[in-house]
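This briefing goes through selected local features of one chain, grouped by topic. Please keep the structure open while reading.

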Amino acid sequence: MSASGKIEGVVTRFAPSPTGYLHIGGARTALFNYLFARRHGGKYLLRIEDTDKVRSTREAIEAILDGLQWLGISGDGEPYFQSQFEKRHAEVAHQLLEMGAAYRCYMSQQELAAAREAAQAERRPFRINSPWRDRTDGPADEPYVIRIKAPQDGETVIDDLVQGRVTVANAEIDDFILLRSDGTPTYMLAVVVDDHDMGVTHVIRGDDHLNNAFRQLAIIHAMGWPVPNYAHVPLIHGFDGAKLSKRHGALGVDAYRDNLGILPEALFNYLLRLGWGHGDDEIISHDQAVEWFDIAHVGKSPSRFDQKKLENLNGHYLREADDARLATLISPKFGLSYEQLPALIAAMPELKARAHTINELAEGAEFLYASRPLVLDDKSQSLITEEARTILAQARQKLAALPNWDHDSLDAAVREVAEANGVKLGKLAQPLRAALTGKTTSPGIFDVLVFLGKDESLARIADQLPEQK
């Protein structure tokens, strides 16, 4: 470690399996790897573990790459594809075989099934006990797998950066397969070889991989390779403490962007705070995250995903976001051209003050582009009473006579009509809002009048006054 507190030569990796979308748990793992590498001036690599040729799809790969890019945590350089290194994986398996650290196992599926049934009948954990472990006289014409010769005595210890010291008796680690009978490598072998060859110094991943680490160490120790630093992060749970599922909001990152209207900086901030903290800070920028992130403050307990908290945080980032950017994000909903954006940009400060998501932002802007006559929702329709129509007619007449269509002039005119009728401003503003927007909630009524302009505003009010059409 340098005098600045930075660890020299850090290399992390995010290694998703492209069998589905980039889910929230995977995105957080990627984020922690990204931040740790950035914090120490190291490298953050992306490895697509596509050895499962049946389930791996190009669409899933694109979804992962797209999601990481959207969050701003793409890997350094081009991604690695695990399938490209199968020959190298097989080479290591044969090295282990030559060193006597692995062996050819000729056990048939029937023998394995019988051994598994016997273990179940005796109510003991199933462990491979191959008769071929110490034999070299296997039949030349029979298929075989290559198994690791796992240590049988003593124990394996991991000083995990999150979990602390974890120990497993070696008797619990069985002789797992390195190379299948068709010559293809298993996940357990491929991961170890790739991490070593990529120079990975810190393996930061979910704690569901902790058991795998003990098995992978059997390969690392046998090869005499450096042991990476392990940091197994607790998984994310739902708001009720149960394993995170779709009902809790366990969607793909693309769904948060495309369906739920979440900004990337909000999801970045929220994922960062799921299991890691910096004092009482809730709003943490990208640069602060890079400066502050450390493994020592990753909690040992599962964090709970809360959709409401995410939306509230997103509301903060909406209010901070550039108005032109937000207008561009919602403009496709209204089919706006570039030339039509200025009007939406001008309305954005008022619109975003009331929104928590991009979806709510778009809903808030709908009144600007609604076709006449507006279809009023039930609550708005109930406000357009005969009494309301009378005062709306007066307001329309007063507004039509205004030489200047600005906030102050509109404010004065509407208040004057309300006072002349002996009613509070709200008694006029509520039906006026209903007539102008078709809803009971909107930006301030004078802002609405300014955004719509004089002609459109007067026409919408007239639509609720049949005798004036």
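**Phe334 and its surroundings**

Leaving out residues up to four places away in sequence, Phe334 touches Ala362, Ala365, Glu366 and Tyr369. The model is predicted. Phe334 belongs to helix 11, residues 323-334. Its relative accessible area is 18%, and because buried means under 20%, Phe334 counts as buried. Between Phe334 and Thr12 there are 43 Å in space, C-alpha to C-alpha, and 322 residues in sequence.

**Sheet 1-2-3**

- Three strands make up an open sheet with parallel pairing, in the order 1-2-3.
- Strand 1 (11-14) and strand 3 (80-81) each have a single partner strand, so one side of each has no neighbour in the sheet.
- Strand 2 (residues 43-48) runs parallel to strand 3 and is joined to it by 2 bridges.
- Arg47 has Tyr80 of strand 3 as its bridge partner.

**Sheet 4-5-8**

- Another open sheet has 3 strands in the order 4-5-8, with antiparallel pairing.
- Its edge strands, strand 4 (102-105) and strand 8, pair on one side only.
- From one strand to the next, the twist averages 45 degrees.
- Strand 5 and strand 8 run antiparallel and are joined by 2 bridges.
- Opposite Arg147 stands Ile177, in strand 8.
- Helix 3 lies across strand 4, strand 5 and strand 8, and its direction is at about 120 degrees to strand 8.

**Helix 5 and what covers it**

- Of the 11 residues in helix 5 (residues 187-197), 8 are buried, so the helix is mostly covered by the criterion of under 20% relative accessible area.
- The buried residues are Met188, Leu189, Ala190, Val191, Val192, Val193, Asp194 and Asp195.
- Among the elements covering these residues are strand 1, strand 2, helix 3 (86-98) and strand 8 (177-179).
- Strand 9 (202-206) and helix 6 (210-223) also take part in covering the buried residues of helix 5.
- After helix 5 comes Gly199, with a positive phi near 75 degrees.

**Gln216 in helix 6**

- Gln216 is part of helix 6.
- Is Gln216 buried or exposed? With a relative accessibility of 2%, Gln216 counts as buried.
- Not counting residues up to four places away in sequence, Gln216 touches Tyr187, Met188, Val191, Val192, Arg205 and Tyr230.
- Met188, Val191 and Val192 in that list are also among the buried residues of helix 5.

**Strands 9 and 10**

- Strand 9 pairs with strand 10 (residues 229-233) in the parallel sense, over 5 bridges.
- His202 has Asn229 of strand 10 as its bridge partner.

**Ser130 and its loop**

- Ser130 is located in the loop that runs between helix 4 (109-121) and strand 5 (145-148).
- With a relative accessible area of 8%, Ser130 is buried.
- At 3.1 Å, the side chain of Ser130 reaches the backbone nitrogen of Trp132.
- Apart from neighbours within four places in sequence, Ser130 is in contact with Tyr103, Cys105 and Met107.
- Trp132 also has Arg135 over its face, at 3.9 Å from the ring centre.

**Aromatic pairs and charges over rings**

- How many aromatic pairs does the structure hold? The structure holds 9 of them.
- Tyr256 and Phe305 form an edge-to-face pair, with 6.1 Å centre to centre and 65 degrees between the planes.
- This pair links distant parts of the chain, since Tyr256 is in helix 7 (residues 253-258) and Phe305 in the loop between strand 12 (303-304) and helix 10 (307-320), 49 residues apart.
- Tyr256 and Phe305 are both buried.
- One aromatic cluster is formed by Phe32, Trp276 and Phe293.
- The ring of Trp70 has the charged end of Arg257 over it, 5.9 Å from the ring's centre.

Definitions and conventions:
Residues numbered from 1 in each chain as written. Predicted model: local features only at pLDDT ≥ 70, side-chain atom pairs only at ≥ 80, totals over all residues. Heavy atoms only, no water. Helix = DSSP H or I, 4+ residues; strand = E, 2+ residues; numbered from the N terminus. Buried < 20%, exposed > 50% of the residue type's maximum accessible area, 1.4 Å probe, protein only. Polar contact = N/O pair within 3.5 Å; in protein donor to acceptor, adjacent residues only side chain to side chain. Contact = heavy atoms within 4.5 Å. Phe/Tyr/Trp six-rings, centres within 6.5 Å; stacked < 30°, edge-to-face > 60°. Lys NZ or Arg CZ within 6 Å of the ring centre and 35° of its normal. Pairing = 2+ DSSP bridges. Axes fitted to C-alpha atoms, helices over the stretch in contact; angles between N-to-C directions.
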